[in-house]
Amino acid sequence: MAWDFETEPEFQEKLDWMERFVADEVEPLGHIGLHPADVKNPRYEKLVRPLQAQVKAQGLWACHLGPELGGQGYGQVKLGLMNEILGRAVFGPSVFGCAAPDTGNAEIIAHFGAPAQKEKYLKPLLNNEIVSSFSMTEPQGGSDPLMFVTAAVEDGDEWVINGEKWFSTNAKWSEFLIVMAVTDPDAPPYQRMSMFIVPTNTPGVEIVRNVSVHGGRDGSEGYMRYTNVRVPKDHILGERGGAFAISQTRLGGGRIHHAMRTVGACKRALDLMCRRAVSRKTRDGVIADKQTVQMHIADSYIELEQFRLFVMKTAWMIDKYKDYRKVRKDIAAIKALMPKVYHDIAARALHIHGALGVSNEMPFAGQVIGALVMGIADGPTEVHKVTVAKQHLRKYRDVADPMFPPYSIPQLKQAAMEKYGDAADIVRELAEAAEAA
Ligand SMILES: Cc1cc2nc3c(=O)[nH]c(=O)nc-3n(C[C@H](O)[C@H](O)[C@H](O)COP(=O)(O)OP(=O)(O)OC[C@H]3O[C@@H](n4cnc5c(N)ncnc54)[C@H](O)[C@@H]3O)c2cc1C
């Protein structure tokens with residue numbers, strides 16, 4: 001019987017080290033105007049690399065990976081506990097070698113890449129010497145990938161790519177992009193597209209503009225144009241026509257890791273909410289004494305604990321089955337739940353801080369927008385809810401009864417009478433006696 005919510009003492013020691021290290025060394029990096037993907041910046045070399053060395057010395061580098069790729073192979077449950085800590089700091093994932101979108105890109109190159117691709121792109125990516133971008137979404141098609149039109153055609157020893165993509169995160173810092181393009185327009189819908197590794201400095205790769213999401217001026221979301229971009233034949237990633245299958249591998253891991261870090265972000269918002277509540281005075285005490293404020297805190301705690309348990313249970317299932325497809329329903333459910341929990345907790349924390357809460361001197365407005373972004377990026381909430389419902393309905397469809405409902409109360413009574421005739425007589429007699437009295 002294994003139904004256990006405890007952390008092994010040895011691993012708890014590592015988590016304790018992480019708590020201190022992230023609070024003292026990593027969180028401040030988020031306030032110096034450096035971007036976590038700007039890995040070639042001299043300040044990154046000076047400030048971030050020494051911290052990464054400490055993480056490596058602790059054996060905590062790239063823990064999402066198995067030992068064959070330089071990670072610890074800790075599995076998703078331990079990763080969940082670690083990501084909760086990393087989710088509090090903007091630089092957390094970079095300092096610990098597990099930043100998106102590089103984690104997902106590394107995962108698919110590790111799974112599907114040819115040996116030469118692994119040598120050239122995977123190794124420096126895993127060492128965070130370079131960063132990468134995933135270029136799938138197009139201006140005319142995001143949620144529905146069958147709307148994608150960017151195409152790759154064969155020409156001699158090369159593929160020639162033409163089209164536009166946008167929201168290619170970190171494109172401006174990337175060494176290469178993984179581009180999804182239509183290679184077989186007449187194939188069945190989910191076998192039309194292939195993936196390509198495209199070095200960002202290839203002629204014809206253009207960043208039309210860098211879009212920002214939170215109102216900042218210089219964004220990290222690349223609006224990309226590919227004009228006659230030529231890559232050698234061997235730059236296809238995985239099988240021709242295999243892009244959809246590959247992207248599912250990538251997105252499954254990415255979504256649960258995001259949810260783990262969101263638990264950390266929610267904990268931080270709740271922590272700040274409580275600190276404000278016990279320190280903000282009114283004429284008759286502090287606002288923590290007001291029942292309405294207590295409701296905000298209670299609701300936030302309850303929602304956070306529910307969400308956290310759901311994330312950890314799903315992490316445990318991934319460790320158990322070692323196959324994202326078997327856990328698809330719960331990964332989709334977490335993805336759908338995450339924006340709501342994060343939004344509601346951040347919005348309450350904002351509210352409890354009054355004017356300060358909406359200002360740019362506190363993180364809450366950014367968190368609320370961040371939660372809304374989570375409801376869109378990696379597919380909108382509606383699409384994930386449809387996945388949950390479809391998966392959940394499967395077992396019911398398998399046993400669909402043409403004479404629904406088979407369990408109306410008269411039918412159940414009839415069955416009970418047949419099964420427990422004597423007992424049913426007693427019940428009836430008692431009911432009749434009660435009626436007569
Ligand atoms: C910050 C950020 C980073 C991103 N990073 C990347 C990246 O690195 N690489 C990349 O390729 N993409 C990236 N994306 C793009 C992201 O994957 C898409 O935004 C997402 O798939 C939704 O596509 P869309 O924006 O075209 O919205 P649309 O498809 O236009 O959907 C808009 C709305 O329509 C409704 N809707 C759409 N389809 C359905 C449906 N089937 N059922 C019910 N309602 C529906 C929903 O309300 C949805 O929110 C990023 C996006 C953001 C915001």
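Domain bounds here come from an automatic or database domain assignment. With those bounds I get domain 1 (9-99), domain 2 (132-237), domain 3 (245-398) and domain 4 (402-437) along the protein chain. I looked up the C-alpha centres of domain 1 and domain 4, and they lie 63 Å apart.

Housekeeping before I go on. I number residues from 1 along each chain as its sequence is written. This is a predicted model, so local features need pLDDT of at least 70 and side-chain atom pairs count only at pLDDT 80 or more, while totals for chains, interfaces and linings use all residues.

**Ligand shell**

Which residues come nearest to the ligand? I find Met136, Gly142, Ser143, Pro380 and Glu382, out of 20 around it (near means a C-beta atom, placed from the backbone, within 6 Å). The elements that give two or more residues to this shell are β1 (131-135), β3 (158-169) and α12 (381-398). I take helices (H or I, at least four residues) and strands (E, at least two) as DSSP runs, numbered from the N terminus. β3 has the largest share of the shell, with 3 residues.

By class I get 10 nonpolar, 7 polar and 3 charged residues in the shell. For the classes, Ala, Val, Leu, Ile, Met, Phe, Trp, Tyr, Cys and Pro are nonpolar, Asp, Glu, Lys and Arg are charged, and the others, Gly among them, are polar. Why does the ligand lie between domain 2 and domain 3? Both domains give residues to the shell around it, so that is where I place it.

**Helix pair α1 and α3**

Next I checked α1 (residues 9-26) against α3 (residues 76-86): their axes come within 9 Å and cross at roughly 15 degrees. Axes are lines fitted to C-alpha atoms, for helices over the stretch in contact, and angles run from 0 to 180 degrees between N-to-C directions. I therefore call α1 and α3 roughly parallel (under 35 degrees; over 145 is roughly antiparallel, 65 to 115 roughly perpendicular, the rest oblique). Phe11, Leu15, Met18, Glu19 and Val22 of α1 make the contact with Lys78, Leu81, Met82, Ile85 and Leu86 of α3 (in contact means C-beta atoms, placed from the backbone, within 7 Å). I sort that contact into 8 nonpolar, no polar and 2 charged residues.

**Helix pair α5 and α6**

The axes of α5 (residues 102-112) and α6 (residues 115-126) come within 10 Å and cross at roughly 150 degrees. That pair is therefore roughly antiparallel. I list Asp102, Asn105, Ala106, Ile109 and Ala110 on the α5 side, and Gln117, Lys118, Tyr121, Leu122, Leu125 and Leu126 on the α6 side.

**Helix pair α9 and α12**

α9 (residues 328-352) packs against α12 at an angle of about 145 degrees, with the axes 8 Å apart. Among the α9 residues in this contact I note Arg328, Lys329 and Pro339, and among those of α12, Thr381, His384 and Gln391. I count 5 nonpolar, 5 polar and 4 charged residues there.

Most residues other than glycine have a negative phi, and most peptide bonds are trans. I flagged a cis peptide bond between alanine 100 and proline 101, with omega about 0 degrees. Proline 101 sits in the loop between α4 (92-95) and α5. I also flagged asparagine 128, which is not a glycine but has a positive phi of about 60 degrees. Asparagine 128 is in the loop between α6 and β1.

Terms used. Contact = placed C-beta atoms within 7 Å.
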